[in-house]
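Reader: I am new to this structure. Please show me how to read its features.

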Amino acid sequence: MRDTLLGGLTPDEFLSRHWHKSPLRVPQAVPGFLGLLTPAEIKRLATRPAVQARLILRQGKRWVLRHGPFRPIDFKTLPDKNWTVLVQELNHWLPEGEALLQEFDFLPHARLDDLMVSYAVPGGGVGPHFDSYDVFLLQGFGTRRWGIAETEDLELLPDSDLKLLRRFSPQAQWDLEAGDMLYLPPHCAHDGVALSECFTYSIGFRAPTYQEWVEAFLDFLRDRLQVEGRYADPDLSLSAHPGEIPPALIAQVDRMLRQQVRWSHSLVAECVGRYLSEPKPHLFFEPAEEALTLEAFERRCLQQDLHLDPRSQLLFFGKFFYFNGDRFELHGQGAAQMRRLADTRKLSAGVMDAELVGVLYDAWQAGWVEFF
């Protein structure tokens, strides 16, 4: 698939020419690809409480957004056209979804968000909009017409949960069929409308705002700062205005903050690693039901491959590993094996470093890794 995925471009060529820069249409990026679901299967997924699903219905110039979980009858009462259902994190629910994401491993896992799937009947779509992140739109069966515009006019309609563009005039238009793909950089306006019953698979990438990074780092620092001492003013002078904050009070707090609130590159790296590997708030792991001792677990590792649970995120930077928000350090062969697990999301059966076995045993008990 890699030979066709980027339309004959190497990953280096794609990154230098298009990533974060300009759209790319790739006819038959995945030849023979018809998708991973049927209409009945996505509707069943959308009824599950743990699945994040949305239904978008277009009624003339008005768009109606509904959130799941849905009931089967909700789909039976829909019209024959102008609606779409979207399911987030398909890679958590289908092994084939996770395998599809692995085709994009020329990009850092730290940037990858999830695989979203949309099923639409004729006329269905989500309206003209833009994303603040890079996205690949891979067409399953059926046909969807995409209009795109590289414009600075990104004003949104007021009071719209869907964040739709007030104005949209496509500069280019393509009909994508099964196996075709469209890459869009951030802030590229686009509108996809189903010409027939169809599926589109969206591979999206994380792009936290600077405000989100600042809040995450301040939360991170708050949990680590231990500042001794207490405010004191033995040289307090008489104030003409008791309601006025003494300038010396502000100066003392200012000096304390400048002296005590400091950080280093390693602290920033730890914050980034924990933040990007932290599971989203709605995700929960089920502890292993099978009871294994550490010794029995190590023997099982000799016989069966291990892979990350689809909801798990394992990243590394230097000697440190970040596993679902936790940080730990490994050395030597154990570190090499853990890096392989982070890169490929699986680890072949065989002898493992004793330190690594301990880490993976804890992860297995928590439901973060599985045997297969």
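Author: Start with the cavity. On a 1 Å grid over the protein atoms alone, a cavity is a set of points where a 1.4 Å probe fits but cannot get out; lining residues have an atom within 4 Å of a point. A volume is the space filled by probe spheres set on the points, which are joined across faces, edges and corners. This is a predicted model: local features need pLDDT of at least 70, side-chain atom pairs need 80 or more, and totals for chains, interfaces and linings use all residues. Residues are numbered from 1 along each chain as its sequence is written, and side-chain values use heavy atoms, without hydrogens and water.

Reader: What is the volume of the largest cavity?

Author: About 30 Å³. The count is 1 cavity of 30 Å³ or more.

Reader: Which residues line the largest cavity?

Author: Leu-101, Phe-104, Asp-105, Leu-107, Pro-108, His-109, Leu-112 and Phe-205.

Reader: How do I read a helix pair?

Author: Helices are DSSP runs (H or I, at least four residues), numbered from the N terminus. Axes are lines fitted to C-alpha atoms over the stretch in contact, and angles run from 0 to 180 degrees between N-to-C directions. Here α11 (residues 332–344) and α12 (residues 354–366) pack at about 40°, their axes 8 Å apart.

Reader: Which residues of α11 and α12 meet?

Author: Contact means heavy atoms within 4.5 Å. Gly-334, Gln-337, Met-338 and Leu-341 in α11 meet Leu-356, Val-359 and Leu-360 in α12.

Reader: And the sheet?

Author: Strands are DSSP runs too (E, at least two residues). Two strands pair if DSSP finds at least two bridges between them. An open sheet of 3 strands has the order β16-β12-β17, paired antiparallel. Its edge strands are β16 (346–347) and β17 (369–371).

Notes:
On a 1 Å grid over the protein atoms alone, a cavity is a set of points where a 1.4 Å probe fits but cannot get out, and a pocket is an open set with protein on both sides within 12 Å along at least five of seven lines; lining residues have an atom within 4 Å of a point.
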